[in-house]
Amino acid sequence: MRFFKISLITLLLNILVSLPCFCLELSLGNDEQSLGIKISHEVNEPLGKPLPWGPASIRFVNSDIWIADTLKSRIAIFDNKGNYKSSIPISLPKDSEIGDFCVGHYGRDKKETLFILDSNNPILYIYNLEGKKILQYGTRNKSIFFYPTKIEKYDNSLFVLDSGKNIIYVFNVLGSVLSPKARLPINSNHFSVEEDTLAYFVNKDKSKTLKRKKINSEKVYNIKLKSVENMEFDYICYNNNKLYLGIVNDINDSENAQYQLLQIDEKGKVIKLNTDYPVNFLVRSFIKDEKGKVYQIKFNSNQPNKLIIDSLPEDFGVSGG
């Protein structure tokens with residue numbers, strides 16, 4: 001009987017560990033405190049059903065949640081309980097839209113700014129936190145970029161992934177102009193900057209290699225990944241000596257398509273965790289807060305007026321992933 005009680009307690013603890021400790025539901029709609037949203041019935045989505053189109057990117061900034069509210073041309077700011085706080089209006093040309101963005105200092109005075117990618121044009125914009133444009137890098141017809149999709153900021157460097165050229169451009173943001181100081185080849189749709197380390201993928205000889213490079217060093221650490229050669233990633237995160245990868249499994253079978261998150265430890269052990277399929281209009285289907293906690297961004301078809309931010313377990317093995 002005592003053994004049964006201990007086993008029951010252990011089971012309950014495992015269940016509690018696996019339960020998300022954080023879940024927010026953000027309203028989608030037309031009012032100021034809601035995020036812009038519309039449903040596209042013309043796009044052939046992997047799941048074979050119409051999905052929403054609206055916010056392009058979500059990030060934790062300090063203790064708040066900043067969202068690229070594309071349809072309303074603004075950066076909307078919510079607190080960590082999901083309450084609307086304010087917004088920063090972003091005035092862009094008629095055929096331009098807010099894509100991925102990040103927040104960080106720019107210029108010699110190191111003022112806090114917004115770095116915004118144009119999702120329709122090969123342009124990088126820099127705005128101040130009042131919504132005034134400081135700099136435009138590139139134009140519709142002439143730009144160093146072909147199709148910039150993701151952006152990260154660390155210290156004095158800005159990293160921009162050009163998915164059209166399969167290159168990560170590294171910029172110095174201390175001066176009054178932008179000029180790339182490095183170009184890194186990449187073969188995936190995502191990269192990450194974790195503290196002082198840049199992580200990205202390169203495909204070579206039918207294998208995938210994770211490259212980890214210290215920001216202020218030329219030395220690169222190569223980690224060859226096994227059992228993931230045929231998978232396509234759209235998310236990468238390195239946290240607590242574990243690598244997290246977001247993949248779509250059975251993408252050719254729309255009815256059974258399943259979004260999965262892989263957790264890979266230092267020894268190369270792979271654990272899969274099935275999740276609800278995320279809204280794939282989001283540039284970032286997963287985000288991480290300053291404490292390293294990972295969250296999934298998803299859309300519940302039963303609640304078409306809600307965008308959900310749901311935490312994920314830190315250890316997939318304990319959670320039964």
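This is a predicted model: local features need pLDDT of at least 70, side-chain atom pairs count only at pLDDT 80 or more; totals for chains, interfaces and linings use all residues.
Local features need pLDDT of at least 70 and side-chain atom pairs count only at pLDDT 80 or more, while totals for chains, interfaces and linings use all residues. Residues are numbered from 1 along each chain as its sequence is written, and side-chain values use heavy atoms, with hydrogens and water left out.

Let us start with the chain as a whole. It holds two helices and 26 strands, taken as DSSP runs numbered from the N terminus (helices H or I with at least four residues, strands E with at least two). Of its 321 residues, 49% count as buried, where buried means under 20% relative accessible area, exposed over 50% and partly exposed in between, with a 1.4 Å probe and protein chains only. Among contacts (heavy atoms within 4.5 Å) with a separation of 6 or more, 42% join residues 24 or more positions apart.

Next come the rings. Rings of Phe, Tyr and Trp (its six-membered ring) pair if their centres lie within 6.5 Å; planes under 30 degrees apart are stacked, over 60 edge-to-face and the rest tilted. That rule gives nine aromatic pairs. One of them joins Phe-145 and Tyr-169 edge-to-face, with 5.7 Å centre to centre and 80° between the planes. Phe-145 sits in the loop between β11 (133–137) and β12 (148–154) and Tyr-169 in strand β14 (residues 167–172), so the pair ties together parts 24 residues apart in sequence. Phe-145 is buried at 4% relative accessibility, and Tyr-169 is buried at 2%. Ring pairs also link these two with Tyr-137 and Phe-171 into a cluster.

What about the cysteines? With a disulfide taken as a pair of cysteine sulfur atoms within 2.5 Å, the count is zero. Cys-23 is partly exposed at 47%, whereas Cys-102 is buried at 2%.

Finally, the largest pocket has a volume of about 1,100 Å³, the space filled by probe spheres set on grid points joined across faces, edges and corners. A pocket here is an open set of points on a 1 Å grid over the protein atoms alone, where a 1.4 Å probe fits, with protein on both sides within 12 Å along at least five of seven lines; lining residues have an atom within 4 Å of a point. Of the 42 lining residues, Glu-152, Lys-153, Val-193, Glu-195 and Lys-288 are the closest to the centre. Strand β20 supplies the largest share of the lining, five residues.
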